[in-house]
Amino acid sequence: MAISNTGKAVLVWGLMALIGWGAIGLSILAKVPFDFGIGFFASSLLWWSVLILIAFVATYQWIPGKPWKNKTVQVWVGIVIIGMLENYLNFAGFIPAPLNQYSYFHLWLLLTGIGFFLTIKTWGGDSVPYYAAAGVLNVGLLILMLLQIDFVVQNNLLLAGIVQGIPTIADALQNYKA
């Protein structure tokens with residue numbers, strides 16, 4: 001099945017979420033350290049920085065016209081900059097306890113939930129059901145994490161990859177045929 005250039009960019013973002021969260025989650029469940037020789041948190045930040053860079057390149061390569069003027073691109077660039085900046089500040093010790101415990105995971109569920117809901121408004125069309133589902137699932141997962149539901153806490157990274165990646169990948173494959 002051929003996919004349009006816009007669909008390729010959307011697909012990269014979905015794969016980034018699925019693989020990004022999934023790789024870290026699987027390593028934890030398998031009790032294999034997710035460590036590039038610089039520690040877990042530094043390795044996670046490096047991992048996400050590389051994946052996000054790939055997604056940004058895909059966005060600017062494949063979104064037609066001037067991607068930086070696209071409202072959806074602006075939403076997601078803003079969300080990613082806010083999230084990564086906060087994560088790096090937390091890593092450097094600038095986010096005080098008890099807020100720092102919510103930095104790496106909870107914050108991203110909140111930000112991406114907001115991002116998916118804003119995407120409904122900025123992107124629209126046939127993509128709305130996918131991003132509505134992703135937004136609701138992100139907020140739901142965040143609530144279950146805050147409630148400390150055992151299954152969710154133990155599988156939080158894999159679940160994040162699923163609730164962020166699968167709707168985005170499904171949208172790319174369903175709505176962006178070339």
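The largest nonpolar core here has 43 residues, and Met 16, Trp 21, Trp 48, Met 84, Phe 105, Leu 109 and Leu 141 touch the most other members. Such a core is a set of buried Ala, Val, Leu, Ile, Met, Phe, Trp, Tyr and Cys residues joined through side-chain atoms within 4.5 Å. Keep in mind that this is a predicted model: local features need pLDDT of at least 70, side-chain atom pairs count only at pLDDT 80 or more, and totals for chains, interfaces and linings use all residues. Residues are numbered from 1 along each chain as its sequence is written, and side-chain values use heavy atoms, leaving out hydrogens and water.

- Two or more residues each come from α1 (5-29), α2 (40-62), α3 (71-91), α4 (106-122), α5 (128-146) and α7 (156-175); helices are DSSP runs (H or I, at least four residues), numbered from the N terminus.
- α1 gives the largest share of this core, eight residues.
- Leaving aside neighbours within four places in sequence, Leu 141 is in contact (heavy atoms within 4.5 Å) with Phe 105, Leu 109, Val 152, Asn 156, Leu 159, Ala 160 and Val 163.

**The surface**
- Gly 37 sits in the loop between α1 and α2.
- Gly 37 counts as exposed because its relative accessibility is 69%; buried means under 20% relative accessible area, exposed over 50%, partly exposed in between (1.4 Å probe, protein chains only).
- Leu 144, found in helix α5, counts as partly exposed at 34% relative accessibility.

**Along the chain**
- Gly 37 and Leu 137 are 100 residues apart along the chain, and their C-alpha atoms are separated by 34 Å.
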